[in-house]
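Reader: I am new to this structure and would like to learn how to read its features one at a time. Could we go through it together?

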Amino acid sequence: MQLNPDIVIIGGGLVGLSAALALQHPDRHISIIESSALEQKVATGLSARSIALSYASVQIFKALGLWDDIKTTACPIKTIHISSQGEWGVTRLQACDYDLEALGYIIESATLGALLLDRVRRSKLISLNTGAEFESAHFSDKVKLRYRCQDQSQEIEASLVLIADGTQSKARSSLGIEHRTVDYAQAAIITNVEVSKPTPGIAYERFTQSGPLAMLPLGRNRYACVWTQDPDFSRELMQLDDEEFAASLQRSFGYRLGFLDRIGPRYSFPLYRTEALGLVKDRCLLIGNAANTLHPVAGQGLNLALRDVASLTHLFEDATIGSLDGQSIKRLLENYQSSRVAEQRQVVRLGDGMVSLFSNDLPVLKQFRAGALALLDIVPALKAEVAMSGMGFSYAGNPMLRGRMR
Ligand SMILES: Cc1cc2nc3c(=O)[nH]c(=O)nc-3n(C[C@H](O)[C@H](O)[C@H](O)COP(=O)(O)OP(=O)(O)OC[C@H]3O[C@@H](n4cnc5c(N)ncnc54)[C@H](O)[C@@H]3O)c2cc1C
């Protein structure tokens, strides 16, 4: 690792890697400190997880010159079919209504991670230090970071530090930035399934009595399933064998995809939202899950973080970060924070609203959401608003959201 890079990114997850690629500039050197051995992680750990990329994220990856590679392995969503179990309303959001090729794309997280990692490894402006665990930060003229690598304590100094070490961010605590956790008292089960009647290009979001259930097309007859329920029911479902689980899933989802033929490995985890109470401290900025960990129901965590990265990239443009004094960097970061706070809150509210509206069993709410879905289907302007916010169109002033770096 270069001794004194201009930017250090703590955490080489999807957000840290994307941020490094976006902030590359001939006058900057960027180092990533990542505690795990990323290659191993990409090959195994994330294999069952998929990500829905919004239209805005596609534009950002186009700006980064990555989209052609991503597109070959991603599955387009041309229609999102939204329904509620046992209720009559159905809504379809269609790409053709907005003159788009697709509303978004589904890609396996591991594949996306591998593509980002490959690009980072090939960059001469980024050095990636794996097996390097951040330990502490100290402020002097710049920021001194201490990390542990191969049982040795090391130190580097940076002008700007991006903290992208995930939900349990050690760097966030080390800087004394408080966070708040909202427990949704729900758990999600994720798995991949094979179905007998695939409907290419259609993603399903179904609100079941126990919580939202998404079926996202992965290509051919494979779908990624994200099913949210109350924790007790989730535990029961996890104890079922594959056949029993498939029957239960089939009862909740119905037969829109025919029969659920095969079920992949299942993973279950508790759902909560974490929000840092402040994104900036001196020359340090929180991004990704370290800043906001969202409920997966709206599939917005990475999408929001990519728009944050686009905003940051635009803000720093050609700045020679290494020569900016502490006050200038802090001012830029605070500008970033105030420019992003409204959209971040909006995305959080959208997720919270969906959870309470669609996981609540009160009869009056049931009636309301059925009506809301039907109304959404016949009122194009309302539908456009939902589609636009899901696609991340709310920050259209940034060139990266038009697929260009400038
Ligand atoms: C079931 C599910 C479905 C989802 N679906 C979608 C979706 O469809 N669309 C969407 O946009 N988002 C989705 N998300 C959210 C998305 O996955 C996350 O927002 C995103 O992956 C967060 O990436 P990150 O890099 O911020 O954090 P992480 O992926 O947690 O990466 C943090 C990195 O920091 C490293 N690290 C941790 N501690 C240290 C340390 N001390 N020193 C050095 N390195 C450290 C870790 O090893 C890791 O590599 C989903 C999430 C879930 C759970």
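Reader: In which sense do E9 and E10 pair, and over how many bridges?

Author: Before that, note that this is a predicted model, in which local features need pLDDT of at least 70 and side-chain atom pairs count only at pLDDT 80 or more, whereas totals for chains, interfaces and linings use all residues. Residues are numbered from 1 along each chain as its sequence is written. Helices (H or I, at least four residues) and strands (E, at least two) are DSSP runs, numbered from the N terminus, and two strands pair if DSSP finds at least two bridges between them. Here E9 and E10 pair in the antiparallel sense, over seven bridges, and Ser-136 has Arg-146 in E10 as its bridge partner.

Reader: What joins strand E10 to strand E11?

Author: Strand E10 (residues 143–149) and strand E11 (residues 152–158) run antiparallel and are joined by seven bridges, with Val-143 standing opposite Ala-158 in E11. The two strands form a hairpin with two residues between them, and Gln-150 in the turn has a positive phi of about 45°.

Reader: In what order do the three strands of this open sheet lie?

Author: The order is E9-E10-E11, with antiparallel pairing, and the edge strands, each pairing on one side only, are E9 and E11. Angles run from 0 to 180 degrees between N-to-C directions, and axes are lines fitted to C-alpha atoms, for helices over the stretch in contact. In this sheet, neighbouring strands are turned by 25° against each other on average, direction ignored.

Reader: What is the order of the open sheet that contains E3 and E7?

Author: That sheet has three strands in the order E3-E7-E4, again with antiparallel pairing, and its edge strands are E3 and strand E4 (75–77). Neighbouring strands are turned by 30° against each other on average, direction ignored. Five bridges join E3 to strand E7 (residues 104–108), and Ile-107 in E7 is the bridge partner of Ile-51. Helix H3 packs on the sheet, touching E3 and E7, and its direction makes about 85° with that of E3.

Reader: At what angle do H3 and H9 pack?

Author: Angles under 35 degrees count as roughly parallel, over 145 as roughly antiparallel, 65 to 115 as roughly perpendicular and the rest as oblique. Helix H3 (residues 55–63) and helix H9 (residues 301–316) pack at about 45°, with their axes 9 Å apart, which means that H3 is oblique to H9. Their crossing is left-handed, a term used if the near helix is turned anticlockwise from the far one by less than a right angle (right-handed if clockwise).

Reader: Which residues of H3 and H9 meet?

Author: Two residues are in contact if their C-beta atoms, placed from the backbone, lie within 7 Å. Ala-56, Ser-57 and Ile-60 in H3 meet Asn-303, Leu-306, Arg-307 and Ala-310 in H9. These divide into four nonpolar, two polar and one charged, where Ala, Val, Leu, Ile, Met, Phe, Trp, Tyr, Cys and Pro count as nonpolar, Asp, Glu, Lys and Arg as charged, and the others, Gly among them, as polar.

Reader: Which helix gives the most to the shell around the ligand?

Author: H9 gives the most, with four residues, and the shell has 14 nonpolar, 13 polar and four charged residues.
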